[in-house]
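This report covers the pockets of one protein model. The sequence and the structure come before the details.

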Amino acid sequence: QFLEQADESEFIELQQILGDLGSHLWNNLFPQDELQDEPRQQRPEVQQSLFPTRLVSFLLGCSHRRPLLLCVEDLHLADSASRQFIGQLCSGIRQAHVLLVATLRPEDEGDDLRRALQELGRQEHVYAIDLEPLTASETRSMVSSCFLREGFTPELYDVLHRRSQGVPFVVVQHLEALRQDGALHEDRGLWVNRRLRETDMPASVRDAILKR
């Protein structure tokens, strides 16, 4: 999304950073362009240190021209270089037009990530928000928001909330599995559900995805 809106100078600068320090990412971001020059040979530890520093500087520069929103999913899976990048960015965005949103599962935190988060938490512009599972009424509101018009039965809401335990991702996966299976269908602009069978409801997220 950023590249689609980047001006020519931003595009060229990012290409230069990747060409010098992150050539392994080139084909993912610039599949239409061949890497013209061989990347300079640098020690891996130097390359790993320079890449996040250059990238942070680039993004902060871009934010002076227009605000930036960066979303990082599943921070608990991030490698050390990614955590280094996020730490440097958090330190630099106090005076920049950048909002960084990172999500993680606290139960999957390792010791290294826990220490990194404690360090970030000492900065006054960094906030941690704990998300509780959805209540039954919140689950119902979320399901309703996925459809323009719906007339689902209370049974469907009860089963979805019970099976998902209030986790939004699980709710969406089960809804999609039910829709593709025909248990949810549209009737003259109104989404309705048939009477649910035991086999309609996947037992887990994995089952929901495999069923689809």
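## Terms and model

A pocket is an open set of points on a 1 Å grid over the protein atoms alone, where a 1.4 Å probe fits and protein lies on both sides within 12 Å along at least five of seven lines; its lining residues have an atom within 4 Å of a point. Grid points are joined across faces, edges and corners, and a volume is the space filled by probe spheres set on the points.

The model is predicted, with pLDDT of at least 70 needed for local features and 80 or more for side-chain atom pairs, while totals for chains, interfaces and linings use all residues. Residue numbers start from 1 along each chain as its sequence is written, and side-chain values use heavy atoms, without hydrogens and water.

## Second largest pocket

The volume of the second largest pocket is about 610 Å³. Its lining has 17 residues, with Gln 1, Phe 2, Leu 3, Leu 59 and Leu 70 closest to the centre.

At least two lining residues come from each of α1 (2-5), α2 (8-21), α4 (44-63) and β1 (68-72); helices (H or I, at least four residues) and strands (E, at least two) are DSSP runs numbered from the N terminus. α4 gives the largest share, four residues. By class, the lining has 14 nonpolar residues (Ala, Val, Leu, Ile, Met, Phe, Trp, Tyr, Cys and Pro), one charged (Asp, Glu, Lys and Arg) and two polar (the others, Gly among them).

## Largest pocket

The largest pocket holds about 1500 Å³ of space. Of its 35 lining residues, Ala 102, Thr 103, Leu 104, Ile 129 and Leu 131 lie nearest the centre.

β2 supplies the largest share of this lining, five residues. The elements that each supply at least two are α5 (80-92), β2 (98-102), α6 (111-121) and α9 (168-181). The lining of the largest pocket divides into 23 nonpolar, seven charged and five polar residues.
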